[in-house]
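Hi everyone, thanks for coming.

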Amino acid sequence: HRSTGVPGLYFDLGNTFYESLDVPPELSEQWGRRAAIVARSMARMKLDFFVPGPTDFAAGLPGLYRLIEAAKTPVLAADIITESGRPMFPSVLYFDRGDLRIRVVGIAGFKPAVEGLLNKDPGVTLQAVLAEAEPADLTLVASHLDKKRARALAKAIPGIDAFLIAD
């Protein structure tokens, strides 16, 4: 697709590295190797961004950081914070594609099963991010929200052109 010159965004909406949060002990090494291969594959694909899903935290936060580093892909999740309130990942990225300036906000939409991380309310988070964001021609929200929640937020918050959901 890239070789055609047609502008596009390339992304992954998570639940990519592991099949479940509970890694069977007898499959731990196998799943870990598979996750590392997937991360290296992501790097070769040169994705524009990645929003982690719940199962991406299966190896804990240090494991996820190793995989993200190997994937060489920016991570977005405005609503995942530490207990002290510090953001874990960037909230928004901007892309120039063709004549469009595209703003992408990442919303995980779940509380990670990792000690020390919290999940802020997606609606409040989106409003805050958009209030501080640079102008753009198109605003996309990439998330793990279900269709019902995404649809409700799209109606309630002006300025969102589309939700990209993993549901």
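Predicted model: local features only at pLDDT ≥ 70, side-chain atom pairs only at ≥ 80, totals over all residues.

Strands of a sheet pair through backbone hydrogen bonds, either parallel or antiparallel. Here we have an open sheet of four strands, in the order β4-β5-β7-β8, and the pairing is mixed. Which strands stand at the edges? They are β4, residues 92–97, and β8, residues 162–165; each has a single partner strand, so one side of each is left without a neighbour in the sheet. From one strand to the next, the twist averages 25 degrees.

Now look at β7, which covers residues 138–143. On one side, β7 pairs with β5 in the parallel sense over six bridges, and Val105 has Val141 in β7 as its bridge partner. β7 also pairs with β8, again in the parallel sense, over four bridges. If you'd like to find that pairing on screen, look for Leu140 with its bridge partner Ala162 in β8, and for Ala142 with Leu164. Helix α3, residues 122–132, packs on this sheet and touches β4, β5, β7 and β8. The direction of α3 makes about 150 degrees with that of β5, residues 100–107.

Thr139 has a relative accessible area of 1%, and because the cut-off for buried is under 20%, Thr139 counts as buried. What joins the side chains of Thr139 and Arg103? It is a polar contact of 2.7 Å. Leaving out residues up to four places away in sequence, Thr139 also touches Leu130, Gly159, Ile160, Asp161 and Ala162.

Our second residue is Gly106, in strand β5. Gly106 is buried too, with a relative accessible area of 0%. Beyond four places away in sequence, Gly106 touches several residues, among them Val51, Ser91 and Ala142. Gly106 and Phe89 are 17 residues apart in sequence, and their C-alpha atoms are 9.1 Å apart in space.

On to the helices. The axes of α1, residues 28–45, and α2, residues 60–71, come within 7 Å and cross at roughly 35 degrees. On the α1 side, the contact involves Ala35, Ala36, Ala39, Arg40, Met42 and Ala43, and these meet Leu67, Ala70 and Ala71 in α2. Sorted by kind, the residues of this contact are eight nonpolar, no polar and one charged.

In soluble globular proteins, nonpolar side chains tend to be buried together. The largest nonpolar core here has 25 residues, and those touching the most other members are Phe17, Met42, Phe57, Ile80, Phe89 and Leu117. α1 and α2 are the elements that give two or more residues to this core. A second, separate core has 13 residues, including Ala78, Leu130, Leu145 and Phe163.

Let's finish with Phe89. Again leaving out residues up to four places away in sequence, Phe89 touches Pro52, Phe57, Leu64, Tyr65, Ile68, Val75, Leu76, Ala77 and Ile80.

Technical notes:
Residues numbered from 1 in each chain as written. Heavy atoms only, no water. Pairing = 2+ DSSP bridges. Axes fitted to C-alpha atoms, helices over the stretch in contact; angles between N-to-C directions. Contact = heavy atoms within 4.5 Å. Nonpolar A, V, L, I, M, F, W, Y, C, P; charged D, E, K, R; others polar. Buried < 20%, exposed > 50% of the residue type's maximum accessible area, 1.4 Å probe, protein only. Polar contact = N/O pair within 3.5 Å; in protein donor to acceptor, adjacent residues only side chain to side chain. Core = buried A, V, L, I, M, F, W, Y, C linked by side-chain atoms within 4.5 Å.
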